[in-house]
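Thanks for coming. I will take one model today and go through the fold, the core and a few loop positions.

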Amino acid sequence: QVQLVESGGNLVQPGGSLRLSCAASGLTFSSYVMSWYRQAPGKERELVAGFTSVGGRTNYADSVRGRFTISRDNAKKMVFLQMNSLKPEDTAVYYCNARGAGFPINYWGQGTQVTVSS
């Protein structure tokens, strides 16, 4: 059974920080390209941050570049999203995604709610 389990979502004030975690199981973690997506009410799901390959280059949505950082720990089979200088418009459900490197397989986590509000 393949599972991606997100955690770390919370209510945070504007300007605050939060770190999301995604724990993977049931897969060969090093064979997957990891990414974070989010979906806010009334908006399309969007790529927030992701690796372009297993190797390690990253890309970010323009709206979060310079504030968010994606990282992975292969030994722990985890991927993280460090979010700094949070804004109300960052409020969304955040999803962890695992894409097979060189094979057509995708897995999604259940999502974790991030709410940025005073």
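Two remarks on the source. This is a predicted model, where local features need pLDDT of at least 70 and side-chain atom pairs count only at pLDDT 80 or more, while totals for chains, interfaces and linings use all residues. Residues are numbered from 1 along each chain as its sequence is written, and side-chain values use heavy atoms, with hydrogens and water left out.

Now the overall picture. The protein has 0 helices and 11 strands. Its radius of gyration is 14 Å, close to the 13 Å that the globule rule gives for 118 residues, so the protein is as compact as a globular protein of that length. That radius is taken over C-alpha atoms, and the rule is 2.2 Å times the number of residues to the power 0.38. Along the principal axes, the C-alpha atoms fill a box of roughly 40 × 30 × 25 Å.

Next, the sheet. Two strands pair if DSSP finds at least two bridges between them. An open sheet is formed by 4 strands in the order β1-β3-β8-β7, with antiparallel pairing. Since β1 (3-7) and β7 (68-73) stand at the edges with a single partner strand each, one side of each is left without a neighbour in the sheet. On average, neighbouring strands of this sheet are turned by 15 degrees against each other, direction ignored; the axes are lines fitted to C-alpha atoms, and angles run from 0 to 180 degrees between N-to-C directions. Inside the sheet, β3 (residues 18-25) and β8 (residues 78-83) pair in the antiparallel sense over 6 bridges. C22 has V79 in β8 as its bridge partner.

On to burial. Buried means under 20% relative accessible area, exposed over 50%, and partly exposed in between, with a 1.4 Å probe and protein chains only. By that count, 41% of the 118 residues are buried.

Which residues touch the most other members of the largest nonpolar core? They are M34, W36, L81, M83 and Y94, in a core of 31 residues. Such a core is a set of buried Ala, Val, Leu, Ile, Met, Phe, Trp, Tyr and Cys residues joined through side-chain atoms within 4.5 Å. At least two residues of this core come from each of β3, β4 (32-39), β5 (46-51), β7, β8, β9 (92-100) and β11 (112-116).

Take M34. Not counting residues up to four places away in sequence, M34 touches, among others, L4, F29, I70, V79 and C96, where contact means heavy atoms within 4.5 Å.

Finally, the loops. K77, in the loop between β7 and β8, has a positive phi of about 55 degrees although it is not a glycine. K77 is partly exposed, at a relative accessible area of 32%. S85 sits in the loop between β8 and β9 and has a positive phi of about 50 degrees, again without being a glycine. Its relative accessible area is 40%, so S85 is partly exposed.

Is G55 buried or exposed? G55 is exposed, with a relative accessible area of 76%. Its C-alpha atom is separated by 12 Å from that of S71, 16 residues apart along the chain.
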